[in-house]
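Could you walk me through this structure, stop by stop? I have it open in a viewer and would like to know what to select next.

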Amino acid sequence: MRRIGVLTSGGDAPGMNAAIRAVVRSAIYNRVEVLGIRHGFQGLLEGDMVPLGLGSVADIIQRGGTMLFTSRCEAFKTDEGQAQGVERLRAAGIEGLVVIGGDGSFRGARALSQRGIATVGIPGTIDNDIPCCDTTIGFDTAVNTAIEAVDKIRDTVASHDRVSVVEVMGRNAGDIALHVALAGGAESVLVPEYPVDLDDVVARLYRGLERGKRHSIVVVAEGTLSGPEVAAYLTRHTGFDVRATVLGHIQRGGAPTARDRVLASQLGNLAVQRLLDGATGQMVCVRDGSLCAVDFEEVFQGRHTVEPSLYRLVNTLAI
Ligand code: ADP
Ligand code: F6P
């Protein structure tokens, strides 16, 4: 293999740049050229490519976002779009492609693999919602960003004897919410994987009040209800002064944590190794603590779940 491509797709995640750097440096180490495809699959359709040398990925390991830009591209879900993508790759002499993104992006990667382009995926999304892998690039940073915000919110909530409802991202997964609730000492958490019981949240607030607890934090995963909806319910059904904060895209930005940089570096390197070994149609990841590659088919058949013991622990510690 003499030339590979790399692109980022779907929502950006902190650590994507570290993964791009690892792909580029590992490839060049093995005397393989790299073309960066900008703006994800949309850029692939438009032939938006730049050569990436050693220097082009200098000083990006600490930066959030993605230097290759990203996009969501409906056209790539069609047969015509995928055929055009293959044509572009062949015309550019790209024999293997690394796709950094979530499971949607992996479906695009699988389509290319089925059409004869060797393709390996790297899990990059703050949501941590990809089956078969322990954690995704960006998740640790997003949780830490959200925790910093929750700590600040707690200062003001405590000063005013208020209840604060904090909505976090995660799409249909409750991982960010659970980790933020546990690490932020939240009094209640609502995640899509468990029944949403607002009366239980109310009961917990009153149980806390009986013990002299006059302020509380309720963490809500966006895949359940919106923060303002939950705040409105608590206002209607309690005597508490309630405020809602939607953390939003702040969770996607910022410098990646050391953990995300290490993970991104390992996975970027492994993705190149897999391509050089002739693999295709796989995701590289850490699974049960070990670096490995998993066929896309297994990923798509799998189901991501939150760790039940974490959910129980949040509720145990927030009695
Ligand atoms: P993520 O990769 O974070 O899950 P999306 O689900 O938005 O994000 O997917 C990113 C992009 O991947 C889509 O905009 C589209 O270009 C491509 N993609 C998603 N699903 C498919 C599919 N079934 N077939 C081909 N490409 C897809
Ligand atoms: O997948 C990452 C994510 O940030 C989700 O947590 C969220 O639901 C979604 O993307 C937001 O997408 P957009 O950037 O298009 O608003």
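Start by selecting Asn128, which sits in the loop between strand S5 (118-123) and H5. Keep in mind along the way that this is a predicted model. Is Asn128 buried or exposed? Its relative accessibility is 5%, so Asn128 counts as buried.

Next, select ligand 2. Around ligand 2 you will find Arg72, Thr125, Ile126, Asp127, Met169, Gly170, Arg171, Glu222, His249 and Arg252.

- Arg72: an N or O atom of its side chain is 2.7 Å from an oxygen atom of ligand 2.
- Glu222: here the distance from a side-chain N or O atom to an oxygen atom of ligand 2 is 2.5 Å.
- Gly170: a polar backbone atom is 3.2 Å from an oxygen atom of ligand 2.

Taken alone, ligand 2 exposes 390 Å², and the protein buries 75% of that.

Now turn to the largest nonpolar core, with 60 residues; Ile122, Val189 and Val219 have the most contacts inside it. Colour helix H5 (residues 139-160), which gives the largest share of this core, nine residues. Where does the core lie? Domain 1 (3-138 + 256-301) and domain 2 (139-253) both contribute residues, so the core lies between them.

Zoom in on Val189: setting aside its neighbours within four places in sequence, its contacts are Ala177, Leu178, Ala181, Val219, Tyr311 and Val314. For a last stop, find the second, separate core of 27 residues, with Val99, Phe106, Ile117 and Cys285 among them.

Technical notes:
Residues are numbered from 1 along each chain as its sequence is written. Chains are lettered from A and ligands numbered from 1 in the order in which they are written. This is a predicted model: local features need pLDDT of at least 70, side-chain atom pairs count only at pLDDT 80 or more; totals for chains, interfaces and linings use all residues. Side-chain values use heavy atoms; hydrogens and water are left out. A nonpolar core is a set of buried Ala, Val, Leu, Ile, Met, Phe, Trp, Tyr and Cys residues joined through side-chain atoms within 4.5 Å. Buried means under 20% relative accessible area, exposed over 50%, partly exposed in between (1.4 Å probe, protein chains only). Helices (H or I, at least four residues) and strands (E, at least two) are DSSP runs, numbered from the N terminus. Domain bounds come from an automatic or database domain assignment. Contact means heavy atoms within 4.5 Å. A residue is near a molecule or strand if one of its heavy atoms lies within 4 Å of it. A polar contact is a pair of N or O atoms within 3.5 Å; within protein, one must be able to donate a hydrogen and the other to accept it, and residues adjacent in sequence count only if both atoms are side-chain atoms. Accessible areas come from the Shrake-Rupley method with a 1.4 Å probe; for residues, only the protein chains shown count as cover.
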